[in-house]
Structure formats: structure tokens, C-alpha cells
Amino acid sequence: MSTELTGAEITVRCLQKEGVDYIFGYPGGAVLFIYDELFKQDKVKHVLVRHEQAAVHAADGYARSSNKIGVALVTSGPGVTNAVTGIATAYMDSIPLVIISGQVPTHAIGLDAFQEVDTVGITRPCVKHNFLVKNIDELAATIKKAFYIASTGRPGPVLVDIPKDVSQQKAEFIYPNSVTMRSYNPVTRGHAGQIRKAVQLILEAKRPMIYTGGGVILSDAAERLTELVQMLGFPCTNTLMGLGGYPATDKQFVGMLGMHGTYEANMAMQHCDVLIAVGARFDDRVIGNPKHFFNEDRKIIHIDIDPSSISKRVKVDVPIVGNVTDVLDELIKQLKARKEKPEQTALDAWWTQIDAWRARNCLKYDRSSTVTKPQWVIEKLYEVTEGNAFITSDVGQHQMWAAQFYKFDLPRRWINSGGLGTMGFGLPAAMGVQFANRENVVACITGEASIQMCIQELSTCKQYNLPLKIINLNNRYMGMVRQWQEFFHGNRYAESYMDALPNFVKLAESYGHVGMKIERPEDVEGALKEAFQLKERLVFMDFITDQTENVFPMVPGGKGLSEMILV
Amino acid sequence: MENEAGALSRVAGLFSSRGYNIESLTVAATEDPTLSRMTLVTAGSDDVIEQITKQLNKLIDVVKVVDLSDGEHIERELMLIKVRALGKDREEIKRMADIFRGRIIDVTDKSYTIELTGTGSKLDAFLEAVERSSILETVRTGASGIGRGERILKV
């Protein structure tokens, strides 16, 4: 007789087969059998968070910084509903995750049982796919499919809901080697004919622009992209999700584009004659008002793995559906095979124009201020960490300053919630990053509002000795909300003032960490150096920053890219 | 699409979450019990229809999407209609059902239940033709469609 395993054993064996080293989770009634099996082995190490949202964010940070699949485990009911914010965050940014959730026993489903929710129903709009496993015989194959779906095509979170009785029942364990699904066959290689058309447009370009997004990071195409950009001599901009896809310190990099993009990036985007979009999706924060975008005539080449991203907001001329790496390979190959080059005099004139825009120095701020400027802190952080840190962020002004002032030369170093804009993401994501990169420096740039949304994770950091460095830009406001209220709501700061803030130094200390409060600009660098020398400790650095500082440039909602508010 | 629990709600959920309209939707298992076939009627500009098609293709349970209106196709809908049938109206209703090639499938002293198939506009025309006050109840399936001639949708 073949040995039969319980559903819980099968689940853990599947994780082992997938090479999962860390799983982030929180136990509860419906997953107790699975936890029991995790307890009996040591291949898959469980990380106990303090809230399920953090479990998913941590798995997400792990995935983003490592190109592996992040895995989270939560219980039924509130375990799942708490996880939803994390799942939606990963979905919006196309991050490969597998979330395993417990469910009430099959015979209790639909009877309003204790800790029952319709998990598959609640998560359906924010997962790439989800499964409810009602039959133990399908458990292993379903988990295999979940890993396959999460990581192929346009990646995304996949949830597997396992009722408690299924985790107790027994079946023979057969883990499939591969998956074939007639309804799911993601493309990889781009259409050669389309790539030929793209090559032709590129060679004829007079004012070219290369605009790249998270797709370059997700498909590990940063090297290919860099090769292409340098081979052509074209300007390159990255979206918020695409930072690190092209080295930020290179002269061909014109900065991030979009709502808080640089003047030169946005102007070049608006006035180029051939736009090469790579793994980016022309979203509202990137091109502003599409009508204004089309005031200027340009040809657009769009490379993306997801056909539904193409011609969704912006009609394109040469769509290329495929994996960014494969398409760029082919593009480079075809370009090398051609004798012609883009016209150099036109390109020189274009660079002269771009440099004139650059000379506008759109990111300038008052460096002699006696109040600490948040930009100053980020610049010093960049210097002290020599640009080598993994940086996570929360959401708001600090996120934009981090994106503008920390120059990312490598992919997967910049970890933020770009699509959903989830406050509370930074700290738990940094935990995941640290688990995936034990030897590296990981810093979380946050604000006093965002950090309080998942502050409980300081406890997790203590338990696992995660030496994160938390850079809290504390302006006593929900800064981005305050900025919009200043610009668009007549300075009426409705509910954006963070009253009754905790003493963050004492708070950090009470969790067993090191706390620092830094008030003067001249103390910033020294404090950072001191903190980063504490290699074994988490240091919470509370920087008291200018309350009135705003993020510039800014493209107001509904406006076009060239209608920026500048300093 | 795969004949899986929840496949229908994925399609319906997609339409509501992205703000597309469903005019009608019919679905049932095919001769291959692992597959079900859905006919969905929607309206929109070419760009919107292109997005809808792409978004549907992205759903993991969807095996294949075709736009039947790209070519010649046949569309049929079934309606069951219960009408008051008393006195001289009884004969009139029967005649009307015959004209529309409907069949009376249930009879009482006071009512007929008529089965009618055709395009949506034919069923609408029948409803127009029958005295409004005599309609007791109607139920319609929504359209099912198939390509004309050799055009085949098969997995």
C-alpha cells in the first residue's frame, strides 16, 4: 500500500518541492493542521508576523527583492480579510505570490460558520487566480498550478483556499513535474515582424525616448535594457515601478517621469517623435491626461507581456506582446544586423534640448535651511549607504522624495507600493527583503503617518533580529494629503495633521530596538553613520523635518505632462 | 471556458469591476462536460470590445474568446410567456403564436403558456403584438450564438 499523507502534510511537501525557504504567516483554527506539519520539519522556515497584512507585504518584499515567489499562510475569516490589502498591493504591481488560506470545513461552508468568509469571492478581483480545494486528491496539483500561474506570464498573486477537513484527509502525494493548462498559455517571444517594424521606427527617430516600467524589473531585463539604451544613445526614463531598470547615475537617464517626475523626463516624453515603452502601462500617474498627451504627434512602440495593457489608455502604433527580456534580445539582435544608425545630428539636437530642460534643475530645494529638509535626509542616506541599500518605502511625500533622490543603479533595490499606494507597506516589506538578502543593508523610508499603519511589526523584527534601518521623515502631517489640500483645497488641512504622535524613540526602545531623534540638518549625516554602524540592530531614526515642504515638480490631476508645477 | 465552480462569477465580476455592460449572458456545459460555453451580449466601441476581449482572455478559466459579430452568425433566444386567454382572446392569442411560430406548451381555462424562439427583436415584436394587459409573466434566456456555415468555435 502506498503511503498516504494528510492534506496538511501534502501542503508542506508541496512548499518544499517548490524550494520555498521562508513562509510568512499567522496561525488560526483553520490552519492548525498545516502549522502542525510546519512544526515537524525545518526546510520551510515560518516567520510569524503580528498581522496578516504584514505577512503578505513581507512575502511581497521577499519576492520583489529576490525574483522568487513569495509565500504567505493565513487562517480563515479575519485572517483572509486582513490579508486582502496585501494581496491587492501585490496584484496591482504584478508580484508573484502564493497565498495559502485556511477555510472552515467543507461541510460548514455556507452556513455562516465561525471565522467563515467567502475567501474566493472576496479575493477574486485582486488575485491573478484563486482556488478552493474541496477534494484532497486535487490538492497537490492545485498548489503546483498556483506556483506556475503566479510566476509565469504577467506575474501576480494566486490564492489557494484549503478547508480544514481537507487538511486532515489523506491522499497519496503525487507532485506533478510540470503543468499544462489549455486555458493558460502565456506568450514569451515577441512577434518577429512587429519587432522589425519597431527597428525601422527606431532607426528613423529624430527625437526618441525610452520609457520603461516594472516589467523590466519583473523579467530581469535591466542588463538588456542598459545595453539597448547605450547602444542607441537615446534618453531613458523609468516609472516609479521601473527605477533601477536603468542606472540612475548614468547621463542618459533623465530621471523618473510622471506626476512627480523630472521636468526633463516629462518634457521629453511629451515632445519625442518615437516613444519606446518597455514593460510599462501608461497609467494616469505617468502620462497625466491622455488627451493632452496626444496634443503632440509621436509614434509609439509598446512592449509588454500583457496584451490587455496595450492600447488600454493610449493607442499605440507597434504593439509587441512578449516577455521583455526576450523581446529586447531580439530587438538588439535585429538592430545590430542593420547597417543604418539613427541620424546623429538630430539626436545631438535632441540632447541639447533635453540638457536645456535639465538645466532647469527641477529638484532643487533649500540646502541652507536651518530646518531639516526631507530631501536632504534622502541625499545623505544615499551617500552613507553608497547607493547600495535595498530601500523600501511607504506611501506619500517621502516615497516620492526617495524615488527622486535615492539614485538606484540596480534593479530590485527599490521596493514600493506603486499601483495600490498602500500605506503600511514599507516596514513589513523590508522584513521580507531582509529575509531574502540577509547580508545586505535594508532601509525603510517612511513617514510618521504610514509607519503607524503596520508599526506592530517592530515586534516581528525583534523576534527575528532583523537589523532594518527605519528612516522616519516626521513632518507631523500626512504630507501628501496636506500638499493637495494646500494646492487644491484652499489650505484647509482637513484631518491631515497627525496629532498625539507617539515618542518614536521610546516606542522603538519598548520593542527592544534603538531609537534616535534627529532635529537639526547638521546632525543628519552623523546620525545616519552611527545608525548604519549598528549592524546587528534595528534603528528607528525619527527625523523631524520641515512641515511645509512640497514635492516638486507636480503634474496636477487631469493636467498634461508639460503642465507641471515647478519650484 | 473550463466548467469549473466560480468561472461564471469571474466573468460577471470582470464586467462589473471594469464597468462593462452585460446585455445578456447564457451559459451551459457543452458536449465535452469539462467545458462550458457562454454567449455574452455586450455593447461598446471597437476599443472597448478589444479591451473586453483581452480582459476575458486573461481570465485563467477562459479557454477561448471569439467575437461572433465579426462574421456571419446565428443568434437565438428562448422566451416562455404566460398570457391570459379568455373568451375571444383565446383564439386570437393562438393565431398570434402561430404567426410567430410559437408553440403553446401549457394550457389552463384562463391562460396559455407559449414557447417562442428567435432573435431578441423577434421576441420583442411578439411582446408588442400581444395586448399588454394580457401578459401574465415572461421569462427569457438571453441569446445563444453560433457562427454560420463552416465557421466553428471548438477547443
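Colleague: Where in chain A does A:Pro553 lie?
Modeller: In this predicted model, A:Pro553 lies in the segment that follows strand S20 (539–544) of chain A. The peptide bond that joins A:Phe552 to A:Pro553 is cis, with omega at about -10 degrees.

Colleague: And which residues have a positive phi although they are not glycine?
Modeller: Two to look at are A:Asn67, with a positive phi of about 60 degrees, and A:Ser94, whose phi is near 55 degrees. As background, most residues other than glycine have a negative phi, and most peptide bonds are trans.

Colleague: Where are those two, and is each buried or partly exposed?
Modeller: A:Asn67 is found in the loop between H3 and S4 of chain A, and with 39% relative accessibility it counts as partly exposed. A:Ser94 sits in the loop between helix H4 (78–92) and strand S5 (97–103) of chain A, where its relative accessibility of 5% makes it count as buried.

Colleague: What about A:Lys68, which salt bridge is it in?
Modeller: A:Lys68 forms a salt bridge with A:Asp21, and the closest N and O atoms of the two are 3.6 Å apart. This pair links distant parts of the chain, 47 residues apart, since A:Asp21 is in the loop between H1 and strand S2 (22–25) of chain A while A:Lys68 is in the loop between helix H3 (52–66) and strand S4 (70–74) of chain A.

Colleague: Buried or partly exposed, that pair?
Modeller: A:Asp21 is partly exposed, at a relative accessible area of 23%, and A:Lys68 is partly exposed too, at 40%.

Colleague: You mentioned H1 of chain A; which of its residues are buried?
Modeller: In helix H1 (residues 7–17) of chain A, the buried residues are A:Gly7, A:Ala8, A:Ile10, A:Thr11, A:Val12, A:Cys14 and A:Leu15. Just after that helix, A:Gly19 takes a positive phi of about 75 degrees.

Colleague: How many residues of H17 in chain A are buried?
Modeller: For helix H17 (residues 397–405) of chain A the count is 9 of the 9 residues, so the helix is largely enclosed by the rest of the structure. Among the buried residues of H17(A) are A:His398, A:Trp401 and A:Phe405.

Colleague: Switching to chain B, how many helices and strands has it?
Modeller: Chain B has 4 helices and 7 strands, and read along the sequence they follow the pattern α-β-β-α-β-α-β-β-α-β-β. The radius of gyration of chain B is 19 Å, well over the 15 Å that the globule rule gives for 155 residues, so chain B is more spread out than a compact globule.

Colleague: What box do its C-alpha atoms fill, and what share of chain B is buried?
Modeller: Taken along the principal axes, the C-alpha atoms of chain B fill a box of roughly 55 × 35 × 30 Å, and 33% of its 155 residues count as buried.

Colleague: Which residue does B:Arg10 form a salt bridge with?
Modeller: The partner of B:Arg10 is B:Asp61, with the closest N and O atoms 3.1 Å apart. Here too the pair links distant parts of the chain, with B:Arg10 in helix H1 (residues 7–17) of chain B and B:Asp61 in the loop between helix H2 (46–58) and strand S3 (73–84) of chain B, 51 residues apart. Both ends are buried, B:Arg10 with a relative accessible area of 9% and B:Asp61 with 8%.

Colleague: Which residues of chains A and B are linked in a network of salt bridges?
Modeller: A:Lys315, B:Asp47, B:Glu50 and B:Lys54 are linked in such a network. Over all chains, the count comes to 38 salt bridges.

Colleague: Last topic, surface patches: which residues gather in the one of negative charge?
Modeller: That patch holds A:Glu4, A:Asp137, A:Glu138, A:Glu172 and B:Glu4. A:Glu138 has its place in the loop between strand S6 (129–132) and helix H6 (139–151) of chain A, and its 46% relative accessibility makes it count as partly exposed.

Colleague: And which residues form the nonpolar one?
Modeller: B:Leu80, B:Ile105 and B:Val139 form that patch on the surface, together having about 220 Å² of accessible area. B:Val139 is found in strand S6 (residues 135–140) of chain B and is partly exposed, with a relative accessible area of 44%.

Note on methods:
Residues numbered from 1 in each chain as written. Chains lettered and ligands numbered in written order. Predicted model: local features only at pLDDT ≥ 70, side-chain atom pairs only at ≥ 80, totals over all residues. Heavy atoms only, no water. Patch = residues over 30% accessible without salt bridge, like charges linked within 9 Å, V, L, I, M, F, W, Y side chains within 5 Å. Areas by Shrake-Rupley, 256 points an atom, 1.4 Å probe, with all protein chains shown as cover. Salt bridge = Lys/Arg side-chain N within 4 Å of Asp/Glu carboxyl O. Lys, Arg positive; Asp, Glu negative; His and termini not counted. Charge placed at Lys NZ, Arg CZ, Asp CG, Glu CD. Helix = DSSP H or I, 4+ residues; strand = E, 2+ residues; numbered from the N terminus. Buried < 20%, exposed > 50% of the residue type's maximum accessible area, 1.4 Å probe, protein only. Rg over C-alpha atoms; globule rule 2.2 N^0.38 Å.
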